[in-house]
Amino acid sequence: MSNPPAAPRMVEVSGAEALWLLEGSSLGRLVYPHRDRLVVRPARHAWEHGRLVVRTPAPAADVTATYHVDEIRAVGGTGWLVTVAGPVEVITDPDEAAHHRRTLSGWAHGPHDTLLRLLPRTVTGFRLIRTEVR
């Protein structure tokens, strides 16, 4: 007799744990409004001084954006996801921009190679786990 498969569940984690998971990763997706549509762009990030620095192939603009990072293991159905939302400002200081261009690899995407600073207003995180069915 075989055991039934474990049921997948999402368990919410604290904001501190979500930020810890975010710090341990470097690849995510920036989601922002553009011409009445939501646009998703791949991005690299680093956590510095309570703010998220993001390098992405997107046009420079001061907007509110959402940044999403996840690490999901398809075979086991486990992992985690973190979403950070808040206002975004473009990094314009040439020295700071040069530092982030050296430390964050980017993508070639036309004229767009933007460095943004996202100030987190909301942080949401979930762990994906398997639970035994009884």
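Partly exposed, as I use the term here, covers relative accessible areas between buried, under 20%, and exposed, over 50%. I am working from a predicted model.

**Entry: E89**

I looked up E89 first. Its relative accessible area is 39%, so I log E89 as partly exposed. E89 sits in strand β6, which covers residues 78-90. I then checked its surroundings. The side chain of E89 makes a polar contact of 2.5 Å with the side chain of R117. L116 also turned up: its C-alpha is 5.6 Å from that of E89. In sequence, E89 and L116 are 27 residues apart.

**Entry: salt bridges**

I searched the whole structure for salt bridges and found seven.

I checked accessibility for both partners. Is R55 buried or exposed? R55 has 10% relative accessibility, so I count R55 as buried. D113 comes out at 26%, which means partly exposed. The cut-off for buried is under 20%.

**Entry: D113 again**

D113 has another partner, R101. The N to O distance in the salt bridge between D113 and R101 is 3.4 Å. This pair links distant parts of the chain, with R101 in helix α2 and D113 in the loop between α2 and β7. The two residues are twelve apart. R101 has 38% relative accessibility, so R101 goes down as partly exposed.

Which residues do the shared partners join? I note one network of R55, R101 and D113, joined by salt bridges that share partners.

**Entry: E71 and R73**

I looked at one more pair. E71 and R73 form a salt bridge through their side chains, at 3.5 Å from N to O. I log E71 as partly exposed, because its relative accessible area is 42%. R73 also has 42% relative accessibility, so R73 counts as partly exposed.

**Entry: recap**

The salt-bridge network holds R55, R101 and D113. E89, in strand β6, has its side-chain polar contact with R117.

Technical notes
Residues numbered from 1 in each chain as written. Predicted model: local features only at pLDDT ≥ 70, side-chain atom pairs only at ≥ 80, totals over all residues. Heavy atoms only, no water. Salt bridge = Lys/Arg side-chain N within 4 Å of Asp/Glu carboxyl O. Buried < 20%, exposed > 50% of the residue type's maximum accessible area, 1.4 Å probe, protein only. Helix = DSSP H or I, 4+ residues; strand = E, 2+ residues; numbered from the N terminus. Polar contact = N/O pair within 3.5 Å; in protein donor to acceptor, adjacent residues only side chain to side chain.
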